[in-house]
Amino acid sequence: MSDGFDRAPGAGRGRSRGLGRGGGGPEGGGFPNGAGPAERPRHPPPPQPKAPGFLQPPPLRQPRTAPPPGAQCEVPAGPQRPPRPGALPEQARLLRAPPISQDTVPQQNSESAMAKPQVVVAPVLMSKLSVNAPEFYPSGYSSNYAESYEDGCEDYPTLSEYVQDFLNHLTEQPGSFETEIEQFAETLNGWVTTDDALQELVELIYQQATSIPNFSYMGARLCNYLSHHLTISPQSGNFRQLLLKRCRTEYEVKDQAAKGDEVTRKRFHAFVLFLGELYLNLEIKGTNGQVTRADILQVGLRELLNALFSNPMDDNLICAVKLLKLTGSVLEDAWKEKGKTDMEEIIQRIENVVLDANCSRDVKQMLLKLVELRSSNWGRVHATSTYREATPENDPNYFMNEPTFYTSDGVPFTAADPDYQEKYQELLEREDFFPDYEENGTDLSGAGDPYLDDIDDEMDPEIEEAYEKFCLESERKRKQ
């Protein structure tokens, strides 16, 4: 056996091919089993059944992905396969454990390393969880919060936090006012039960409405709703009374605020615009059920305009223009009902400011546009004449939606033509609105059509009477 490994690779291969049948036996100078490990080809053909007495060819080389050779040598216990007839005892061992060729000896370490992870054993994960583990609390969690639940007390937000969150929500989503204001008012009715709580509520809404410019309108609507739906009415005053008191506090320093620094004037302008929104949205119900506006706000707006025009700085004049665009039409109508000419005085004062004040050119242009807007009745359009008052003489669009007809010569005519009645009557006599025609050789109005046979040409008496009235009314309107 050792003599065979001393030969060069492939040396015995040519000699074995030169032998005849049985040349690989002891008589032919070969190995007892017919071929040594060094003589076995890398890819020999599959073994063919031979007659007894012939030597068995070596088995195929194992694939690279097979387990290492040492693992294959372990044959499970059981009945062993008997050797083939005529084979030597060594040949039976080769059937159970194929030998390793000399060609694969140098690569045994690398191939065996690749073939090692063939048997995968699923890892068993051991859980560390236990039903007896203490309750988990996240980092930064206060134990007092858990104790409050044990005592039966929940950690609710304060009144200021709840109201401020709702105000911020309305600022971001003003469209949710209609759907959420009712629940907000119900919550406040169960929460605001003292004078201090009501005063805090008024202050929060006022600060939000005067600090955020886009919230002045929404704040005025909110104040109007709460003034009618808050049930608390302490001795210090209800919601509307406390709100007007808070506005009066800012109103009393109007002259100093109008001539103060930039920050003071900016806060004053926000208050002026919020007061204008309150005048338009705050409704006061009278004893008889009529809804009116607060007259005290009307007087306050007139004085605020005087304070703004008395200090004709650009930002003061811009604020006055915004206020008049917002409330000018309503103020003028209210003053006219009382026989006052306050709007005429304001317009005259604006013209004097444009001529005399040292304001910028853009601000003067804004003031002139405001005067022009007031001359056009604040942009309000007069109601158009009704349909009954419209005639072909005073309304050029009287026949706009009338249909167009064609005579037998193809000449178009409409109701605006003088001879419309004659042409239309001729058209009715010439045209047959329900002609009997054939389609694909079938007479649709002939006998045997179950659909057309059921049609009754006579109208119901009520329908006929209504149709006659419609025709008479149409003719009367046409002659007017």
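**Reading aromatic rings**

A: Start with Tyr-162, which is partly exposed because its relative accessibility is 23%; buried means under 20% relative accessible area, exposed over 50%, and partly exposed in between (1.4 Å probe, protein chains only). This is a predicted model, where local features need pLDDT of at least 70, side-chain atom pairs count only at pLDDT 80 or more, and totals for chains, interfaces and linings use all residues. Residues are numbered from 1 along each chain as its sequence is written, and side-chain values use heavy atoms, with hydrogens and water left out.

Q: Is Phe-184 buried or exposed?

A: Phe-184 is buried, because its relative accessible area is 1%.

Q: How is a pair of aromatic rings described?

A: By the distance of the centres and the angle of the planes. Rings of Phe, Tyr and Trp (its six-membered ring) pair if their centres lie within 6.5 Å; planes under 30 degrees apart count as stacked, over 60 as edge-to-face and the rest as tilted. The structure holds five aromatic pairs. One of them, Tyr-162 with Phe-184, is stacked, at 5.7 Å centre to centre and 25° between the planes.

Q: Which residues form one aromatic cluster?

A: Tyr-162, Phe-166, Phe-184 and Trp-191.

Q: How do I read a charge over a ring?

A: NZ of Lys or CZ of Arg must be within 6 Å of the ring centre and within 35 degrees of the ring normal. Here the charged end of Lys-254 sits over the ring of Tyr-251, 4.2 Å from its centre. The charged end of Arg-293 sits over the ring of Tyr-279, 5.9 Å from its centre.
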